[in-house]
Amino acid sequence: MSEIKINLSEKEMPRQWYNLNADMPGCLPPIGPDGKVISPDQLAAVFPMNLIEQEVSRERWIDIPEEILEILARWRPVPLRRAKYLEEYLKTPARIYYKDESVSPGGSHKPNTAVAQAWYNKKFGIKKLTTETGAGQWGTALAFACSLLGLECKVFMVRVSFDQKPMRKLMMHVWGAKCVASPSHETHFGKEVLKRMPDTPGSLGIAISEAIEEAVGDKSGQTRYSLGSVLNHVLLHQTIIGLEAKKQLKIAGEKKPDIVIGCAGGGSNFAGIAFPFVHDKINGEKIEIIPVESSSCPKMTRGIFAYDFGDMAGMTPLLAMYTLGHQFVPPPIHAGGLRYHGMAPMVSHGIEEGLLTPRSVDQVQCYESAMIWAKTEGFICAPETSHAIAVTIEEAKKAKEEGKEKVILFNYSGHGLMDLAGYEKYLTGKLERYSLPDGELKKSIKAIEGFPKAHTKKAHK
Ligand SMILES: Cc1ncc(COP(=O)(O)O)c(C=O)c1O
C-alpha cells in the first residue's frame, strides 16, 4: 500500500514565519487620502503596535512565539495528503498533493492567524476584539482563539451568510463570542447603509467598516479590530502552511511542486501555501503559482490595480491592490469567503511582478468539482476550497493531454460541513452560472477613478 498521508511530528513544526515583504521591495505601502504613506502611529487605534510592527516589517524570517506554537500544536502540523483517488479517476500522470487545513477546530486555515492575532493583542493589554466575517469561518476562528486566550469577541457577519449559515453563528456562541448580522443597527455606518439599501445582502466591505467603527469607538482603548485576511501580518501567519508542505513534499520524495494552487478571497490561505514557493520562484525555481477567484467577484482577472479602501465606508488606509472598487456589493454566491472586492497588496504585487497567474472559476464548475472530490477522495469541501479543486482538476487534465508527470500542490482550505445549503442548491439544479456583467464592473470601478494611482516598482521581471 502506498502512503497517502505525510505527517510531521510537533517537533518538526516550523519555528519561524516567512515574510515575502522582504523579497518584494517594490510592494507599495498603504497611504492616506492625501497620498502620504501611513505611519505606524496612524494605525494604533485599530491594531496593537506589536502587530503593526509585523505589518510593516521587511525581515525575511519572523520567530513564532513558543506560546503560539503550543496552541497551534493542538492541531498542527496538519497532514499533507496525496489525492490518489482523484488521480485515478482522472487517469492523470500528475501527482496531486493537498495540505489539509480542514482539521483545525474551526474547520479551516483561519485559526492559524486568529490564534496569533489574539495572542499579540492580549500581550498588548487588549481585552476585546471586533471583526467581520463572510462565510463565518473567520468569525468562528477568532471566537475560538479569543475563548482560549480569555478575550471578548464581537463578530459582524455578512447578512447573506448570517441567514445561510446559522450553524456558524452557533459555533461562535459556543466559543463565547457575540455575532450580529451586518449591516446592523449597532453602528452609525450600519444604520446609514440600512437606510440606503434596506434589502442589501451585506458585504465584507460593509462589515469591516462596522467592526472598525466599534473598535475605535471604545474610548477605554481596550478594544482593537482584527482582520482575517488581506493584510501583510495575516498572510505572514499563514505561511506556516507552505513551510510545512515543503518539508512534507521532501519526505514524499518530491523535489518541488510544478504547480501551486489556492483559492483567494482576500488572499490569506493562498498566501499561506504559496509564499514559501514564491520565495523559491524568485530564486530561480520554475513553478506556476495560481490564485483562484470566483467569476462573480473577479478582482484579479477583471479588476484594476489601484489604490482603494479596504472597506466600504473608507475607514481603512488606501491599499495598492487589485480591486473592483470598495462600493462593490457582490451577488450572494455560496462561496461567501470569496466575496471581497479587493486582493491582498502582497498577492496583488506578485501578480504585477508576473510571479502569480490568477484564474477565475464559475460556481457551477466549482460544485461539479466538489462533487467529483466528494465521490473520489470522500471529503466534502468548503465552497471556497472547491475553486482550488476546480483548477487542480483542470491542470491534472492538462498534464494528461501533455503526457507530463507534473506535481500539483493545493491548499485544502476548509471542510464544507457547515456549508451544505450550497450543495443542496446544486443538487436540486437551482445553482446558476454567473459571471459579473461588464456594466456592473465598470460602474463599480468608476467610483475610484479620482483615487491616487498605484505605480508598481517591479523587481523580478
Ligand atoms: C474555507 C475558506 N477558504 C478560503 C477563504 C478565503 O479567504 P482567504 O482568501 O483569506 O483565504 C475562506 C474565507 O472565509 C474560507 O472560509
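**View 1. Separation of the two domains.** The centres of domain 1 and domain 2, taken over C-alpha atoms, lie 23 Å apart. The protein chain is divided into domain 1 (5-12 + 76-107 + 232-446) and domain 2 (41-62 + 110-225), with bounds that come from an automatic or database domain assignment. Residues are numbered from 1 along each chain as its sequence is written. The model is predicted: local features need pLDDT of at least 70 and side-chain atom pairs count only at pLDDT 80 or more, whereas totals for chains, interfaces and linings use all residues.

**View 2. Contact between the domains.** Domain 1 contributes 33 residues to the contact and domain 2 contributes 34 residues; two residues are in contact if their C-beta atoms, placed from the backbone, lie within 7 Å. On the side of domain 1 that touches domain 2, α10 (232-238) and α12 each supply at least two residues. The most come from α10, with six residues. Helices are DSSP runs (H or I, at least four residues), numbered from the N terminus. This side of domain 1 comprises 13 nonpolar, 16 polar and four charged residues. Ala, Val, Leu, Ile, Met, Phe, Trp, Tyr, Cys and Pro count as nonpolar, Asp, Glu, Lys and Arg as charged, and the others, Gly among them, as polar.

**View 3. Shell around the ligand.** The ligand is surrounded by 21 residues, of which Q137, S229, G265, G337 and G414 are the closest; a residue is near a molecule if its C-beta atom, placed from the backbone, lies within 6 Å of it. Two or more residues of the shell come from each of α5 (137-149), α12 (268-282) and α16 (383-402). The largest contribution is that of α12, with three residues.

**View 4. Composition and domain origin of the shell.** Seven nonpolar residues, 13 polar residues and one charged residue form the shell around the ligand. Domain 1 and domain 2 each provide at least three residues of this shell.
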